[in-house]
Amino acid sequence: MIARRLRAVGHPYKGETLGFVAAQKGGGGCSLDPSSGRNEELQLVLLPSREDLISSPISLRGQDLVSSLLPFTVSPLMSEMNATTQQENVLKRKSDDVGWEYGSLIDPSNLDKVKCKFCNHVSTGGIYRLKQHVAHVSNVVAKCKKSSQEAKDRCKKSLEEASKKRREKTIRELELRDSVNISRVGDEEVNVAGRSEPHKLGPLDKWTCPIDPKLTQAEALHQQKINKELWKKRTHEVQQYVARWMYNHAIPFNACDNDDFKLMCEAIGRFGPGFEPPSKHDLRETLLSQEHARVKSLLQERDAEKMKNGCSIMTDAWSDRKRRSIMNLCTNCADGSSFIKSKEMSAVSHTSEVIFQLVDEGIEEIGPEHVVQVVTDNASNNMGAKKILLEKRPNMFWSSCATHTINLMLQGIGNLPRFTKVLDKAKAFTIFVYGHTRTLDCMRHFSSGKEIIRPGVTRFASAYLTLESLLDKKDQLRKMVVDGRWDSLREVKSKNGKAATTTIMSMPFWKDVKLCLNVFEPLVKVLRLVDGDVKPSMGFVYGEIVKAKKEIKEVYGNVASRYKDVIDVVEKKMKDRLDSPLHLAAYLLNPYYSYADTNIFDDGTITEGFISCVETFYHGDDSKQDQAVNVELRKFQNREGSFAKKLARTCQNFEYNAASWWKLYGNEVPTLQRMAMRILSLTSGASACERNWSTFENVSP
């Protein structure tokens, strides 16, 4: 069922990315089977190792186990402490709102009264008023005299962000309503007393329903209240029909947050009674063709961006549920990713020549002058296709997918003995808990309904997120395994159950979990950067990996003997993949890094990579190569001309657009400017190809 739900919402997954565990009929054990087709019986287990290694259990039961693991035994004092903790948790609220760090409920049944932890002042307007009280931002609430500056800043920031989100949501909804254009034949109208013209129903009638001017003030107020209640009832009745359709056809709930859904509702509302829904034929033929034409017209702006700053071609192969071998071809530019085509490759072997032919056809379709690079994973057949392409098109780049490469880094680090042990223990615990309904129910009871397993971009990113989730729930899990409810479960008394209990009560385990997270976190940040389409990542991936290596060294106190094996894995997977001339040139041409550390211009490896990149980009044009390397690079390095302007300092902000920066300030170095704008507009990953997997099965028979 989980696999089916992921497929319904278009979740990008495949066998080697998300592991599955099926509860065996014997009741005790579990087995990993990513390739199994029996998805109805599967539950996600997102920890990486494929071996079910479980540490030797301690042969202790009940109170003996607790006594051996804690410096004290369960006593009335401990029970009293547990009761106090439960009461505090009830008053604390299940919310991530920063305000609950500085306040608590007086009565769990009254959400309006919140007591300040600084001065014990009671706010009667909920957590919103408490944050105003702490932050000193309103005249209608008494200001806290004991709140710290940090608390003031955090509450003020939270209030501002909430206000900004409300404004943006209101503006967005108004824009969506205004974008709906329905031709009117006859409008629904309501005659209003005292008016010669009929009144047309619209969105504002929710707040301004017609009132008879002959009514007294009291009667008018009464009528207004009735109108408001009728509007609420009318809205609720329509929502029931929408909900029923979603429930009956298993429509994911997050679909209602989609702008297209809101536009559809607005359009139907404006049409009025008698709307005839489209038939299956209309959806398959007429409307599909029209939508295809509309989307194609929307992509014209993206095509213009490709012609101006170039683009990347991305390709990836996969197998669908019918075991058909499919190869996707997509393109990416600064405005985002676009699907080119999918081709079934079941009848042919995926040789280097076949991949080259498919990619070359895509290049011809887009235009060779607009394609800067090709991005694929690191498979040997792709590397063979790379050699063939570069022989035919020596002015193009072939890059390894950064998402795939960083995933290999995480995998390599996870396979080191010091990390394998903790990952296997965490995996064994999640397999045990999710393999039995009663243990899962017990865990959800103590975690307030929150899950341990969390899906991520890749399998090892999921391992990181799951470890992070475990650490967040450390106190709840430790409390669970010493509770009578857990100890009374038959499954807990098994060998795997005792091992799970031992794992949670082991302080060295939690220490190792924290170390794993500290080591994984810098690389996971890079993974999020290269996997997203928020901004072109080519200019940032090398610099962020350099930063990640520095942070990993700091985790180990900059002691080489402690971090050497981890850094060796990163550098081994990075070599010839993410340190190519293209990556090094993008790093040097991104002023966010090169202006912050001028030593980059003196690094022989980076400058050599830059020169090699120039030779490829301007292949066969010695004049432009000389201009870019020997003349214009020096102007950029010395911040001459427009580079010296005060406004050019926007490059110090990580969120800035590097290509746009070069467009504004690089006019005095046109040869280097063209190269920089094209390179810094590139993606570094091929994740967009993976996101089209589920889409292909919706349109292919």
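Biologist: Is Val-372 buried or exposed?

Modeller: In this predicted model, Val-372 is part of strand β12, which covers residues 371–376. A residue counts as buried when its relative accessible area is under 20%. The relative accessibility of Val-372 is 3%, and therefore Val-372 counts as buried.

Biologist: Which residues does Val-372 touch, not counting residues up to four places away in sequence?

Modeller: One of them is Met-396, which is 24 residues from Val-372 in sequence, while the two C-alpha atoms are 5.5 Å apart in space. With residues up to four places away set aside, Val-372 touches Asn-309, Gly-310, Cys-311, Met-396, Phe-397, Arg-678 and Leu-682.

Biologist: What share of the contacts in the protein with a separation of 6 or more comes from residues 24 or more positions apart?

Modeller: The protein has 701 residues, of which 41% count as buried. Its secondary structure comes to 30 helices and 13 strands. Among contacts with a separation of 6 or more, the share from residues 24 or more positions apart is 62%.

Biologist: What is the order of the strands in the open sheet of three strands?

Modeller: Strand β4 (residues 103–107) pairs with strand β5 (residues 110–116) over four bridges, in the antiparallel sense. β5 also pairs with strand β6 (residues 122–123), again antiparallel, over two bridges. The order in this open sheet is β4-β5-β6.

Biologist: Which strands stand at the edges of that sheet?

Modeller: The sheet is open and has the order β4-β5-β6. An edge strand here has a single partner strand, so one of its sides is left without a neighbour in the sheet. The strands in that position are β4 and β6.

Biologist: Which residue in β6 is the bridge partner of Val-114?

Modeller: Val-114 lies in β5 and stands opposite Leu-105. Another pairing, that of β5 with β6, places Lys-115 opposite Val-122. For Val-114, the bridge partner in β6 is Ser-123.

Biologist: Which residue in the turn between β5 and β6 has a positive phi?

Modeller: Two hairpins may be considered here. The hairpin of β5 and β6 has five residues between the strands, and the residue in its turn with a positive phi, of about 65°, is Asn-120.

Biologist: How many residues of α4 are buried?

Modeller: Helix α4 (residues 126–135) lies across β4, β5 and β6 and runs at about 20° to β5. Its buried residues are Gly-126, Ile-127, Leu-130, Lys-131, Gln-132, His-133, Val-134 and Ala-135. After the helix comes His-136, with a positive phi near 60°. Of the 10 residues of α4, which is mostly covered, the number buried is eight.

Biologist: How many residues lie between β10 and β11 in their hairpin?

Modeller: Strand β10 (residues 325–333) and strand β11 (residues 336–344) run antiparallel and are joined by eight bridges. In this pairing, Ile-326 stands opposite Glu-344 of β11. The number of residues between the two strands of the hairpin is two.

Biologist: How many nonpolar residues does the contact of α14 with α20 have?

Modeller: From α14 the contact takes Phe-419, Val-422, Leu-423, Lys-425 and Ala-426, and from α20 it takes Phe-509, Asp-512, Val-513, Cys-516, Val-519 and Phe-520. By class, there are two charged residues and no polar ones, and the number of nonpolar residues is nine.

Biologist: Which residues of α28 make the contact with α27?

Modeller: On the side of α27, the contact is made by Ala-659, Trp-662 and Lys-663. By class, the contact has five nonpolar, one polar and one charged residues. The residues of α28 that take part are Leu-672, Gln-673, Ala-676 and Met-677.

Terms used:
Residues are numbered from 1 along each chain as its sequence is written. This is a predicted model: local features need pLDDT of at least 70, side-chain atom pairs count only at pLDDT 80 or more; totals for chains, interfaces and linings use all residues. Side-chain values use heavy atoms; hydrogens and water are left out. Two strands pair if DSSP finds at least two bridges between them. Contact means heavy atoms within 4.5 Å. Ala, Val, Leu, Ile, Met, Phe, Trp, Tyr, Cys and Pro count as nonpolar, Asp, Glu, Lys and Arg as charged, and the others, Gly among them, as polar. Axes are lines fitted to C-alpha atoms, for helices over the stretch in contact, and angles run from 0 to 180 degrees between N-to-C directions. Buried means under 20% relative accessible area, exposed over 50%, partly exposed in between (1.4 Å probe, protein chains only).
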